[in-house]
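Morning, everyone. Please have the model open on your screens. I'll walk through it piece by piece.

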Amino acid sequence: MTLAKTYSMALSRLRIDNPWIESHKTGLIRIDGVPCAVKIARTVLRRGKAGDYFKSLPIPIITGLGPLHIRIARFDAFKNVLENTMGMREVAKEGSLHLFEFGEGGNGARVIVEYNTILPAGLQGYGTVHHAAFRVADTDVLNDWIRHLQQSGFRTSGYVDRFFFESLYARVAPGILFEWATDGPGFMGDEPYETIGEALSLPPFLEPNRTEIERLVRPIDTVRSTRNIEKEYL
């Protein structure tokens, strides 16, 4: 059985009840002649189509997930945050589900909010989502969001330097943590494209602990493949 057939059978077993999860554009990656399906999506926090960011890369890559689904009891307060603080708009409603969008919308630029007062509050643990991250263009835009959120009364992390990108964190509702993260500098600032991923890359503040980190992490075979990878989009 081919990988593509196995993938299709797995998808056929999924039950997707959400009316706003539309068909993703699927990339077919042929490895040694075997097509493998990869779902392409991207969460964006600026005007533009979701999913466009990494499509031109010459490597197979999953660029994100979408749409984001949030279950909350205090719906009106959270709706106010999404619309008046974050600039989203509610575009549809079905039962207890409310669909909000950025920009041109699409799976990568959507947040689905489920109003639910029956289930207990979620608890952080293995297998749960810690936070959701949204893209911003650069440091200037990130600083604009820092000022905007603080002026709107939110307690935030302030500017956080992640070396590979820059971030801002804010808890926008009980149990709901959002991150705003810049596109750059990116993951090729400290290693060339030709050998990226072949060695463990650490930000400068962790370099003094490299020996200990390498001892603890699980080894991964990073020997560069000689296989020809053909990337197609339907």
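Let's start with a sheet. Four strands form an open sheet in the order β7-β10-β9-β8, and the pairing is mixed. Its edge strands are β7 and β8 (160-161), each of which pairs on one side only. Two terms here. Helices (H or I, at least four residues) and strands (E, at least two) are DSSP runs, numbered from the N terminus. Two strands pair if DSSP finds at least two bridges between them. In general, strands of a sheet pair through backbone hydrogen bonds, either parallel or antiparallel.

β8 and β9 run antiparallel, joined by 2 bridges. Asp161 has Glu166 in β9 as its bridge partner.

A word on where this comes from. This is a predicted model, in which local features need pLDDT of at least 70 and side-chain atom pairs count only at pLDDT 80 or more, while totals for chains, interfaces and linings use all residues. Residues are numbered from 1 along each chain as its sequence is written, and side-chain values use heavy atoms, with hydrogens and water left out.

Now the whole chain. There are 4 helices and 11 strands. Of the 234 residues, 32% are buried. Buried means under 20% relative accessible area, exposed means over 50%, and partly exposed is in between (1.4 Å probe, protein chains only). Contact means heavy atoms within 4.5 Å. Among contacts with a separation of 6 or more, 54% join residues 24 or more positions apart.

Next, β6. How many of its 6 residues are buried? The count is 5, so β6 is mostly covered. β6 pairs with β3 in the parallel sense, over 5 bridges. In that pairing, Ile72 stands opposite Tyr115 in β6. β6 also pairs with strand β5 (residues 97-101), this time in the antiparallel sense, again over 5 bridges. There, Leu97 stands opposite Glu114 in β6.

On to the core. In soluble globular proteins, nonpolar side chains tend to be buried together. A nonpolar core is a set of buried Ala, Val, Leu, Ile, Met, Phe, Trp, Tyr and Cys residues joined through side-chain atoms within 4.5 Å. The largest one here has 28 residues, and Phe78, Met86, Phe178 and Trp180 have the most contacts inside it. Elements that each supply at least two of its residues include β3 (68-72), α2 (75-85), β9 (165-173) and β10 (176-185). Click on Phe178. Leaving aside neighbours within four places in sequence, Phe178 is in contact with residues including Leu68, Phe78, Met86, Phe134 and Val172.

Now a pocket. On a 1 Å grid over the protein atoms alone, a pocket is an open set of points with protein on both sides within 12 Å along at least five of seven lines, and lining residues have an atom within 4 Å of a point. The second largest pocket is lined by 25 residues, and Arg71, Gly122, Pro174, Gly175 and Ile176 are the closest to its centre. β3 and β10 are the elements that give two or more residues to this lining. β3 gives the most, with 5 residues.

Last stop, Glu198. Find this residue in the loop between β10 and α4 (210-216). Is Glu198 buried or partly exposed? Partly exposed, because its relative accessible area is 31%. Not counting residues up to four places away in sequence, Glu198 touches Thr222 and Arg224. Glu198 and Arg224 are 26 residues apart in sequence, yet 7.4 Å apart in space, C-alpha to C-alpha.

Terms used
1 Å grid on protein atoms, 1.4 Å probe; cavity = no way out; pocket = protein on both sides within 12 Å on 5 of 7 lines; lining within 4 Å.
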